[in-house]
2 protein chains.
Amino acid sequence: MSKLIGNAVFGQSGGPTSVINASAAGVFTEALKQTGVINKVYGAAHGIVGILNEIFYDMGQEDPAELELLKTTPSSALGSCRYKLADLEDDETDYKRLLDVFKKYDIRYFFYNGGNDSMDTCNKISKYLQQSGYECRVMGVPKTIDNDLFGTDHCPGFASAAKYIATTIMEVYLDARVYDTGMITVIEIMGRHAGWLAASAALAAHKGYGPDLIYLPEIDFDLETMLTDVKRIYEKEKKVIIAVSEGVQTKDGKFIPELVGTVATDAFGHKQLGGTASVLADYLKEKIGCKVRGIELSLMQRCAAHLASQTDVDESFLAGQTAVRCAVDGMTDFMVGFQRPESGPYQCDIKLIPLNEVANTESMVPREWINAEGNFVNQKFIEYALPLIQGESKIAIEDGLPRFARLKKVRVKLD
Amino acid sequence: MSKLIGNAVFGQSGGPTSVINASAAGVFTEALKQTGVINKVYGAAHGIVGILNEIFYDMGQEDPAELELLKTTPSSALGSCRYKLADLEDDETDYKRLLDVFKKYDIRYFFYNGGNDSMDTCNKISKYLQQSGYECRVMGVPKTIDNDLFGTDHCPGFASAAKYIATTIMEVYLDARVYDTGMITVIEIMGRHAGWLAASAALAAHKGYGPDLIYLPEIDFDLETMLTDVKRIYEKEKKVIIAVSEGVQTKDGKFIPELVGTVATDAFGHKQLGGTASVLADYLKEKIGCKVRGIELSLMQRCAAHLASQTDVDESFLAGQTAVRCAVDGMTDFMVGFQRPESGPYQCDIKLIPLNEVANTESMVPREWINAEGNFVNQKFIEYALPLIQGESKIAIEDGLPRFARLKKVRVKLD
């Protein structure tokens with residue numbers, strides 16, 4: 001296999017996570033080591049938007065200590081995007097532009113970090129470069145708190161969100177039991193189509209401080225059935241905690257907030273949800289009459305780096321590092337994925353998945369991991385998720401508060 | 001001074017905090033050491049409600065390791081209450097009952113942990129026992145995330161909430177800057193009357209990742225003025241973060257949700273008063289037209305023990321321990337308070353404050369710590385708050401999740 005010499009670019013795309021920058025650290029530190037193969041390591045501002053606009057940062061000029069701090073810096077250090085590439089047959093403009101930029105900057109390694117939509121983008125670019133005869137190794141680096149990428153055992157970002165959700169629910173569980181009066185708490189968790197994150201609430205229950213009910217998008221949601229569930233528990237316990245995915249839908253396809261009014265959509269046509277907890281809280285308050293509190297875990301569940309899983313940090317870094325190593329070794333058109341042994345102790349092994357298989361296919365919580373009533377997950381989910389949340393990320397602290405990475409972001413200027 | 005021999009009771013009252021149980025640990029471990037003076041150490045279930053109903057736990061039967069874990073267990077391990085004692089001249093029933101129970105259980109030491117209302121309760125009981133000629137040493141142990149207790153430099157519970165708020169806002173700050181599109185984030189923080197917690201958002205700004213605007217209940221809130229503030233920043237930066245206390249009021253005394261109280265009705269046919277953040281978010285979305293997200297820090301800000309300030313944990317323990325030591329030394333009718341040196345490095349010194357001075361007096365953020373425009377706090381607040389959030393509480397972890405204290409709660413049964 002011939003050695004491909006040129007520059008590398010890395011971009012971040014889609015919603016951020018607590019550990020997306022750990023993958024960036026993996027890509028950058030590994031790519032910077034590949035002297036003689038990778039000449040320059042560029043970071044694209046706001047994913048492919050930065051490539052289209054030629055906004056690149058020269059990562060070789062960053063302080064290595066700051067790149068190390070990326071491991072514990074949440075969100076997207078380079079900026080992200082939700083830019084949707086048109087289908088090639090409909091409009092070639094962006095593709096031509098990307099190819100021109102790749103040529104101009106001699107980009108021979110392209111690493112793209114994101115979820116389903118981003119892997120679709122990555123796949124489209126990969127195929128276009130191939131059919132244009134431009135040699136470039138393209139590798140997807142997985143990322144999504146939603147954990148719904150196809151072909152991988154789990155996704156970087158999921159475990160830290162799961163750890164945040166489980167820990168927070170354990171704490172809220174105690175808080176919600178303080179008074180000797182009735183109280184219902186509805187906790188809204190992210191997850192547009194897949195219920196992995198909402199299911200993570202079961203980890204709190206596994207430790208004895210969890211929700212009574214968990215509603216996932218995998219199961220048709222019915223308001224009356226939920227009310228029956230809640231009443232049964234409330235009459236016995238006077239305390240009920242409900243974990244609900246923002247993505248639950250009634251069997252005629254309505255999201256909970258849609259029971260109240262219209263909801264906005266984003267560039268991909270995805271509905272912008274939120275408000276599920278407050279709608280359900282209002283409903284239960286009226287029907288049961290006790291104190292009800294709706295809590296939305298909001299952005300915190302995807303940016304709480306102070307509570308990240310060290311396993312997740314390490315694996316996110318590994319995903320980035322592996323993408324570079326594989327590309328340098330001649331592989332292209334894959335996403336880095338994870339697999340674990342069929343039995344025995346948890347171990348994270350690498351698995352490469354063709355990009356076209358990943359693009360736009362979603363992975364759901366298996367039906368057999370959900371109880372018959374469709375309002376909780378079983379031991380299989382616990383066995384799956386528990387190893388992923390092990391270890392506490394050690395964030396750098398300065399003055400009692402996080403010390404995040406400070407990048408110089410030196411703009412690349414060709415002339 | 002004569003040695004007073006008898007039993008001790010400790011109760012928790014009012015809204016819980018991340019560290020209220022650290023004070024419980026301080027009271028219990030110190031009281032259990034006072035052999036020959038304090039015979040039995042009781043915990044009252046749900047504060048004075050438990051005393052009135054004779055629901056006491058024998059704390060001497062708890063595993064010392066579990067009492068140690070109380071330091072990092074949030075919420076109220078014994079249960080709390082919001083029971084308001086009538087004024088003595090209006091109704092003596094509860095007082096007589098309390099006196100009977102104190103006599104029956106030979107309670108000679110009474111420690112009560114709470115905020116303003118609880119110190120009022122504590123004061124009333126103290127005075128009643130005195131005028132009844134029943135010898136009992138009564139000590140208040142301060143507790144409130146609101147930080148509004150009179151006479152003390154600060155209150156146990158505040159610093160951990162402040163550390164949670166500042167850390168979370170730093171993380172959300174990064175998340176809210178991910179896309180290259182306009183975005184306004186409104187973060188709602190607890191504090192019905194005093195703005196100490198909302199002001200803590202300034203600690204995040206001090207580190208460079210904070211809100212642009214902070215609105216406190218100490219300053220009359222004006223919607224138009226806020227809009228002008230937000231527009232000015234938005235036009236320049238395209239990103240605005242607003243920290244707002246749930247307790248802000250217009251100059252004619254209206255809370256934010258009351259400004260739109262009659263506007264929306266939900267699917268279930270009743271008024272959606274909404275939270276402060278969501279009301280302001282809706283308003284700004286309409287006026288400015290960009291993406292706006294309202295975030296309520298909800299219960300998490302008062303129960304996130306995983307992110308507690310070690311300084312706060314230590315001081316909360318100290319407050320409980322000191323209450324016992326002072327009472328055994330003959331003091332009564334005081335609340336334990338804190339003071340710091342006028343100058344030089346931070347140090348937490350003990351100060352005893354007569355209960356009748358504390359009861360029902362609130363401490364506000366000084367006007368001179370707030371900027372002239374009334375939309376931020378200045379360096380004086382930072383100097384005040386920063387020492388309090390130092391140190392990271394080391395919570396016990398089991399399986400990647402918190403290991404909270406598990407009390408046996410052995411009920412006390414006389415004869």
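Modeller: Before we start, one term: two strands pair if DSSP finds at least two bridges between them. Also, please keep in mind that this is a predicted model.

Colleague: Good to know! In S8(A), what is the bridge partner of A:Ile189?

Modeller: That partner is A:Ser245. The strands involved are S6 (residues 183-189) of chain A and S8(A), which run parallel and are joined by seven bridges.

Colleague: And how many bridges link strand S7 of chain A to S8(A)?

Modeller: Three, with S7 (residues 213-215) and S8(A) pairing in the parallel sense. One pair to look at is A:Ile214, whose bridge partner in S8(A) is A:Ala243.

Colleague: Which helix goes with S7(A) and S8(A) in a β-α-β unit?

Modeller: Helix H9 (residues 223-237) of chain A, and the unit is right-handed.

Colleague: Is strand S8 of chain A mostly covered or mostly open?

Modeller: Mostly covered: S8 spans residues 239-245 of chain A, and six of its seven residues are buried.

Colleague: Let's hop over to chain B. What is the order of the four strands in the open sheet there?

Modeller: Reading across, you get S7-S8-S6-S9 in chain B, with parallel pairing. Strand S7 (213-215) and strand S9 (291-296) of chain B have a single partner strand each, so one side of each has no neighbour in the sheet.

Colleague: By how many degrees are neighbouring strands of that sheet turned against each other on average?

Modeller: By 15 degrees, ignoring direction.

Colleague: How many bridges join S6 of chain B to S9(B)?

Modeller: Six, and these strands run parallel. As an example, B:Ile184 is opposite B:Val292 in S9(B).

Colleague: Which strands does helix H9 of chain B touch?

Modeller: H9 (residues 223-237) packs on the sheet and touches S6, S7 and S8 of chain B. Its direction is at about 150 degrees to that of S8(B). Then there's helix H11 (residues 276-288) of chain B, which lies across S6, S8 and S9 of that chain and runs at about 170 degrees to S9(B).

Colleague: New topic, the two copies. What rotation superposes chain A on chain B?

Modeller: One of 180 degrees, with 0.0 Å of shift along the axis and an RMSD of 0.2 Å. That is the relation of a two-fold axis. Both copies use the same surface, as 89% of the contact residues of chain A recur in chain B.

Colleague: Nice. Which residue of chain A comes closest to the rotation axis?

Modeller: A:Glu296, whose C-alpha is at 3.8 Å from the axis.

Conventions:
Residues are numbered from 1 along each chain as its sequence is written. Chains are lettered from A and ligands numbered from 1 in the order in which they are written. This is a predicted model: local features need pLDDT of at least 70, side-chain atom pairs count only at pLDDT 80 or more; totals for chains, interfaces and linings use all residues. Copies are superposed by least squares on the C-alpha atoms of residues with pLDDT of at least 70 in both. Two residues are in contact if their C-beta atoms, placed from the backbone, lie within 7 Å. Helices (H or I, at least four residues) and strands (E, at least two) are DSSP runs, numbered from the N terminus. Axes are lines fitted to C-alpha atoms, for helices over the stretch in contact, and angles run from 0 to 180 degrees between N-to-C directions. A residue is buried if 20 or more other C-beta atoms lie within 10 Å of its own, exposed if 12 or fewer, and partly exposed in between; C-beta atoms are placed from the backbone. A crossover is right-handed if, with the strands pointing away from the viewer, the path from the first strand over the helix to the second runs clockwise.
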